[in-house]
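Trainee: I would like to learn how to read this model. Please take me through it feature by feature.

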Amino acid sequence: MGISEEKSALRTRYRRERNERYIEHSFQFLAASPEIANARYVASYMSYNDEPDTSQLNKSLIQAGKILYLPRINGDQLDWVQWGGEQSSLISNKKILEPQGDALIDLSVIEVVIVPALRIDRSGYRLGQGGGYYDRALLTLSAWSIGLIHPDEISSEDLPREEWDQPLDAAATPDLVLRFKR
């Protein structure tokens with residue numbers, strides 16, 4: 001079995017496991033982590049289904065005066081659009097809620113990027129949904145990156161990786177931030 005097939009099989013397994021064990025948690029505590037507390041420009045995402053819930057975290061970031069950007073799919077890339085917290089300014093693209101408005105031109109202003117993951121290993125490599133959007137986005141951002149996962153989704157074994165997979169700087173569960181050495 002090749003790496004792509006192995007990753008696909010793991011995605012199926014991890015989605016099933018997540019669905020069977022899903023409990024809603026808040027990640028609001030992350031707003032006080034030093035990397036995020038000291039940042040002005042933060043990129044996050046709108047979680048859906050049984051992904052770690054970003055709604056309270058996103059609200060906390062906006063209330064703390066952060067400039068929050070959410071992703072919008074543009075071909076095979078992600079555009080980052082400023083979002084002020086209004087649900088009415090989001091439109092549905094399949095399962096994903098995306099912001100309306102102009103895309104950020106200067107990506108270098110983003111200091112922190114919060115990304116979804118199904119699993120993250122102890123080297124900081126994540127297994128996402130399989131579209132490659134975040135791996136491509138991480139190549140264009142110089143931001144500190146953190147992936148959100150449920151408590152039991154840190155892998156003690158290395159996840160399969162391909163040459164385009166990008167490691168994260170940290171992983172967060174509802175009660176833990178694990179920073180990886182870079």
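Mentor: Gladly. Start with the helix α1 (3–21), the strands β2 (67–74), β5 (96–99) and β8 (126–127), and the helix α4 (133–140): each supplies at least two residues of the lining of the largest pocket. Helices (H or I, at least four residues) and strands (E, at least two) are DSSP runs, numbered from the N terminus. The model is predicted: local features need pLDDT of at least 70, side-chain atom pairs count only at pLDDT 80 or more, and totals for chains, interfaces and linings use all residues. Residues are numbered from 1 along each chain as its sequence is written, and side-chain values use heavy atoms, with hydrogens and water left out.

Trainee: What counts as a pocket?

Mentor: Picture a 1 Å grid over the protein atoms alone. A pocket is an open set of points with protein on both sides within 12 Å along at least five of seven lines, whereas in a cavity a 1.4 Å probe fits but cannot get out. Lining residues have an atom within 4 Å of a point. Grid points are joined across faces, edges and corners, and a volume is the space filled by probe spheres set on the points.

Trainee: What volume does the largest pocket have, and which residues lie nearest its centre?

Mentor: Its volume is about 770 Å³. The lining has 35 residues, and Y48, G128, Q129, G130 and G131 lie nearest the centre. The largest share, 6 residues, comes from α1.

Trainee: How does that lining divide by class?

Mentor: The lining of the largest pocket has 14 nonpolar, 8 polar and 13 charged residues. Ala, Val, Leu, Ile, Met, Phe, Trp, Tyr, Cys and Pro count as nonpolar, Asp, Glu, Lys and Arg as charged, and the others, Gly among them, as polar.

Trainee: Which residues line the second largest pocket?

Mentor: Its lining includes E6, L10, R13, Y14, R119 and I154. α1 and β10 (154–155) are the elements that give two or more residues to this lining. The largest share, 4 residues, again comes from α1. The volume of the second largest pocket is about 170 Å³. By class, its lining has 5 nonpolar, 2 polar and 5 charged residues.

Trainee: Where does a charge lie over a ring?

Mentor: The test needs NZ of Lys or CZ of Arg within 6 Å of the ring centre and within 35 degrees of the ring normal. R119 lies over the face of Y14, 3.8 Å from the ring centre. Both residues line the second largest pocket. R40 lies over the face of Y41, at 5.6 Å from the ring centre.

Trainee: How many aromatic pairs are there?

Mentor: A pair of aromatic rings is described by the distance of the centres and the angle of the planes. Rings of Phe, Tyr and Trp (its six-membered ring) pair if their centres lie within 6.5 Å; planes under 30 degrees apart count as stacked, over 60 as edge-to-face and the rest as tilted. A search of the whole structure finds 1 pair. W80 and Y134 form it, edge-to-face, at 6.4 Å centre to centre and 65 degrees between the planes.

Trainee: Why does the pair tie together parts that are apart in sequence?

Mentor: W80 lies in strand β3 (residues 77–82) and Y134 in helix α4, so the pair ties together parts 54 residues apart in sequence.

Trainee: Are W80 and Y134 buried or exposed?

Mentor: W80 and Y134 are buried. Buried means under 20% relative accessible area, exposed over 50%, partly exposed in between (1.4 Å probe, protein chains only).

Trainee: Why is β9 largely enclosed?

Mentor: In strand β9 (residues 144–148), 5 of the 5 residues are buried, so the rest of the structure largely encloses it. W144, I146 and L148 cover one side, and S145 and G147 the other.

Trainee: Which strands does β9 pair with?

Mentor: Strands of a sheet pair through backbone hydrogen bonds, either parallel or antiparallel. Here, two strands pair if DSSP finds at least two bridges between them. Strand β6 (residues 112–116) runs parallel to β9, joined by 5 bridges. β9 also runs parallel to strand β11 (residues 170–173), with 3 bridges. I146 is the bridge partner of I114, and A170 in β11 is the bridge partner of I146.

Trainee: What joins β11 to β12?

Mentor: A hairpin does, through 2 residues. β11 and strand β12 (residues 176–179) pair in the antiparallel sense over 4 bridges.
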